[in-house]
Amino acid sequence: MSDIQLYSIERGTGEPLILLHGNGEESRYFARQIRHFAKTRKVIAIDTRGHGQSPRGNAPFTIRQFAEDLHDFMEEKGIERADILGFSDGGNTALVFALQYPQKVRKLILNGANLYPSGMKTLIVLPIWAGYGAASLLAPVSQKAKKQKELLGLMVKDPYIRPEDLRRISSKTLVLVGKNDMIRHRHSLLIAKSIPGAKFVCIRGDHFIAAKNPETFNRAVERFLSDGK
């Protein structure tokens with residue numbers, strides 16, 4: 001079992017919908033989704049290890065560890081199967097989780113996920129690499145730099161999933177991105193085309209469409225979750 005207990009916001013009743021936030025954020029990023037979807041289902045928004053109100057613990061700070069943390073969380077809560085919506089690094093965690101524990105995923109929503117760093121646009125990924133290098137130099141003498149190194153490390157070292165691995169995902173999947181996303185459009189299309197039967201939806205906005213364009217975002221997710229129930 002996990003060395004930590006993850007903090008979560010839980011609202012509503014019914015079929016479980018788990019929300020996984022992005023790098024350096026917390027569960028409250030999904031405030032508009034929690035409010036909307038809690039009307040019809042049990043919404044569980046989790047603070048990832050070392051984010052928000054969840055402790056860092058001693059386990060590795062990696063996407064694969066976050067997937068193991070999610071598994072342990074679901075086991076502790078007695079959740080056999082859930083719909084999972086992951087944003088950015090949360091989407092990467094959801095991908096790894098779906099590959100590792102397919103029986104625990106009903107439907108999968110990937111918002112702004114990527115398979116490897118070059119899936120991000122060059123103007124985004126270059127400052128991340130530079131920041132990671134600087135934080136790595138200062139990490140031995142600065143706690144702030146050490147934390148920054150871990151956060152940026154998630155984007156330069158993880159998740160490194162091969163497109164062919166995605167063929168093993170059996171859950172119905174929605175790949176949802178913004179028209180001006182920091183993830184390359186062709187990379188998001190690659191993810192959608194590599195997952196059998198996945199749907200691809202692109203809506204107005206940037207990487208943060210759940211927060212900035214919640215009405216359109218929620219409608220797209222609602223249609224997907226309701227389809228073929």
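**Backbone exceptions in a predicted model**

Serine 88 counts as buried, with a relative accessibility of 12%; buried here means under 20% relative accessible area, exposed means over 50%, and partly exposed lies in between (1.4 Å probe, protein chains only). This is a predicted model, in which local features need pLDDT of at least 70 and side-chain atom pairs count only at pLDDT 80 or more, while totals for chains, interfaces and linings use all residues. Residues are numbered from 1 along each chain as its sequence is written, and side-chain values use heavy atoms, with hydrogens and water left out.

Serine 88 sits in the loop between strand 4 (82-87) and helix 3 (89-100). Helices (H or I, at least four residues) and strands (E, at least two) are DSSP runs, numbered from the N terminus. The phi of serine 88 is near 55°, a positive value in a residue other than glycine. Most residues other than glycine have a negative phi, and most peptide bonds are trans.

Both kinds of exception occur in the loop between helix 5 (143-157) and strand 6 (172-178), where proline 159 lies and where tyrosine 160 is also placed. Aspartate 158 and proline 159 are joined by a cis peptide bond, with omega about -10°. Tyrosine 160 is not a glycine, yet its phi is positive, at about 50°. At 45% relative accessibility, tyrosine 160 counts as partly exposed.

The unreviewed UniProt entry annotates residues 16-118 as "domain: AB hydrolase-1"; UniProt positions are given in the numbering used here, feature names are shortened, and annotations may be inferred rather than shown by experiment. Residues 16-118 are 33% helix and 22% strand, and their end C-alpha atoms lie 33 Å apart.
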